[in-house]
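Keep the model open as you read.

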Amino acid sequence: MSSTTYLITSDKESPAGWKFFLSELKPRGKWFTPFNIISIPIIIVGLVLIVYRFWNGLGSVSNVNQEIPWGLWKGFNVVTGVAFAGGAYVLTFIVYILKVDKYHSIVRVTVLNGFLAYMFYAGALVLDLGKPWNIFNPIIGNNFGANSVLFLVAWHFMLYIVAQLVEFSPAIAEWLGSRRIHKILSGMTIGAVIFGITLSTLHQSGLGALFLMAKEKIHPLWYNEFIPILFLVSSVFAGLSMVIFEGSISQRVFADKINKKDKEARKGIVNTLSKICAFAMFAYLFMQLLVFIHGQHYNLLNTKMGYWYLLEMVGFVIFPMALYFRSYLTSNINLSRIAAIITIVGIILNRLNVSIIAFRWDAAVRYVPSWMEVVVSITIILIQIWIFRWVISRMPVLNEPPKWAINGH
Amino acid sequence: MSLNRRDFFKTIGITGMTIIGVNASGSNSSADEKTEFHGILFDSFACVGCQSCELACAETHGLPAPEDEIKSGVLRKTSEKQRCAVNSYSTPQGDIFVRNQCMHCNEPACAAACLTQAMYKTKEGPVIWRENKCMGCRYCMISCPFDVPKFDYSSTNPKIQKCDMCYDRIIKGEQPVCVETCGVALFYGARRELIAEARKRIAENPGVYVDKIYGESVAGGTGYLYLSPVQHNEIGFNTTLQNSSYPALTKGFLYSVPSVFVLVPTLLLGIHEATKSNKSKQIKDEDYE
């Protein structure tokens with residue numbers, strides 16, 4: 001722990017109540033950055049569209065129809081986004097359960113990312129609900145649809161948000177300088193981690209299980225009874241690819257936050273994460289192959305949807321897997337990043353295939369998202385990045401915690 | 001003209017009811033006895049496509065009356081403004097009319113999907129939608145193999161529209177309004193008795209009906225049962241649907257949840273204890289400040 005990083009937080013150890021909060025709310029840094037110039041107009045348009053959506057009904061903004069009732073907000077923000085938030089449970093498992101200290105420097109930022117992702121995807125869900133004021137029905141009251149997969153996913157979503165908040169809370173305590181609370185919260189970490197990993201395995205697979213009843217509606221190349229397991233396994237490398245991708249950006253944007261030791265460790269971290277990704281993708285590919293052989297849909301390969309399926313499997317699973325293997329063997333960090341980006345595209349493709357593209361692929365009217373849906377989807381992600389940036393520049397996430405807190409770990 | 005026709009159907013309807021032994025007013029008096037699933041039998045050979053059931057349905061449920069006429073080759077669909085739709089299909093046996101609406105499955109996928117029990121299979125048989133519980137997630141629409149639930153996308157307080165077999169009439173001991181209006185092709189009764197009646201019709205008129213009842217086994221059995229003079233795929237039925245129940249598809253996943261909840265934390269705790277090094281123990285034992 002170098003004394004320079006200690007200095008950043010030292011002035012916050014005695015906060016003066018509201019004054020402290022108000023000063024923290026103020027933006028820091030330059031306003032006219034390329035990111036701000038692009039994101040602010042999109043967010044403004046997006047917020048207007050959200051108001052418009054509640055004013056005029058879902059159909060005024062979204063192109064979803066009677067046959068394809070789930071569109072971009074559910075298929076992309078919820079089903080796809082949650083897969084990318086999978087990095088949090090994988091890394092907490094490695095750091096807190098397996099106690100591999102090497103990854104300690106990136107676990108906080110990953111948990112923060114996961115937490116914000118879940119918060120905002122829950123928000124996307126609310127936008128998509130026809131009667132959002134009834135959202136608490138499955139939680140309170142006598143309306144437990146306990147035999148519903150969605151009931152399970154909703155509860156796990158909510159509980160996991162709490163678990164992630166507990167996992168991240170020591171950083172908030174350090175920011176506020178409350179040592180007493182920090183001690184209590186740190187003691188809860190391992191419990192939250194174990195609970196969180198269990199919840200993750202269930203709702204990552206649960207998101208796949210949502211589509212089990214749509215047996216004849218999803219193209220046979222994508223529908224199979226193993227969707228839950230495929231979703232769970234792919235969330236491992238989806239999450240880690242996001243960690244690699246996000247890390248390569250924050251390393252540049254928040255370069256002043258990361259100390260020299262962590263910067264040097266990054267390369268090794270990315271390298272071993274690449275290895276984990278490569279092997280997880282191999283397991284996933286093997287399962288996909290088993291499912292394909294088991295399904296006996298060889299004849300479907302020579303159709304339009306068949307080519308699409310092959311593109312997903314070869315171009316976005318086998319190819320990035322090979323890149324990951326190669327990047328690991330040659331310790332090429334840039335190759336890892338390229339592999340991560342291709343994997344991320346592949347996961348988006350896979351989740352959208354199951355939830356939208358191969359869903360009622362035979363429908364007369366195809367669902368194509370409206371520009372307004374796309375803007376709102378992007379708005380949700382941009383606001384999430386804004387808050388992420390706000391937290392990073394205030395709380396000890398990338399930089400080291402204050403000296404008094406380190407002894408507690 | 002149509003009024004006369006309707007009256008004509010009504011008189012035949014009384015005969016129809018006596019055939020299958022259903023007493024409309026008496027169905028509620030035996031409430032103490034074990035209630036069994038009730039359903040509707042549709043005889044497509046008898047239907048003439050007069051659309052009076054559509055009109056009666058719209059009127060009863062406060063929906064706009066359907067204005068389009070039935071034409072062979074044009075598929076009319078149910079919508080957020082229409083709970084049932086009759087279509088005509090040209091077959092070697094002549095034009096055949098088929099009514100489309102909620103099938104009222106014995107084990108409905110929509111009800112299993114619903115996380116608030118807004119979609120609900122009543123003990124009397126109808127699958128109903130309860131507005132005050134629904135949060136509008138549309139998972140029922142994803143799950144329903146027949147694409148029945150329809151969502152009002154243009155509303156700020158949207159409803160799910162689908163046939164509820166006139167549940168409020170049934171619990172009062174009345175018949176569903178379509179059955180009452182029709183009387184020639186639609187019959188209401190206990191599902192068991194309807195199947196017996198359908199079998200009887202098939203046996204007595206071997207040249208008229210194919211020896212299949214659509215709804216007897218599809219999707220685990222449905223409350224709506226169809227008699228047809230031609231194979232079911234010729235009159236717009238989806239014959240690729242599975243015969244076992246749809247909620248059973250998620251059973252394996254849901255059953256694994258309790259075991260995951262016991263096994264995974266135990267395993268994680270075990271690994272956590274095993275990987276605890278002396279160093280981390282020391283730090284924990286150290287005084288905090």
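Helices here are DSSP runs of H or I with at least four residues, numbered from the N terminus, and the expected span of a helix is 1.5 Å times one less than its number of residues. This is a predicted model, in which local features need pLDDT of at least 70, side-chain atom pairs count only at pLDDT 80 or more, and totals for chains, interfaces and linings use all residues. Residues are numbered from 1 along each chain as its sequence is written, chains are lettered from A and ligands numbered from 1 in the order in which they are written, and side-chain values use heavy atoms, leaving out hydrogens and water.

Begin with helix 3 of chain A, residues 34-56: its 23 residues reach 34 Å from first C-alpha to last, close to the expected 33 Å. Among its buried residues are Asn36(A), Ile43(A) and Arg53(A); buried means under 20% relative accessible area, exposed over 50%, and partly exposed in between (1.4 Å probe, protein chains only). The buried residues of this helix pack against helix 4, helix 6 and helix 13 of chain A, with contact meaning heavy atoms within 4.5 Å. Just after helix 3, Gly57(A) takes a positive phi of about 95 degrees.

Now for the charges. A salt bridge is a side-chain nitrogen of Lys or Arg within 4 Å of a carboxyl oxygen of Asp or Glu. Asp128(A) forms one with Lys74(A), their closest N and O atoms being 2.9 Å apart. Asp128(A) lies in helix 6 and Lys74(A) in helix 4 of chain A, so the pair ties together parts 54 residues apart in sequence. Both Asp128(A) and Lys74(A) are buried.

How values were computed. Helix = DSSP H or I, 4+ residues; strand = E, 2+ residues; numbered from the N terminus.
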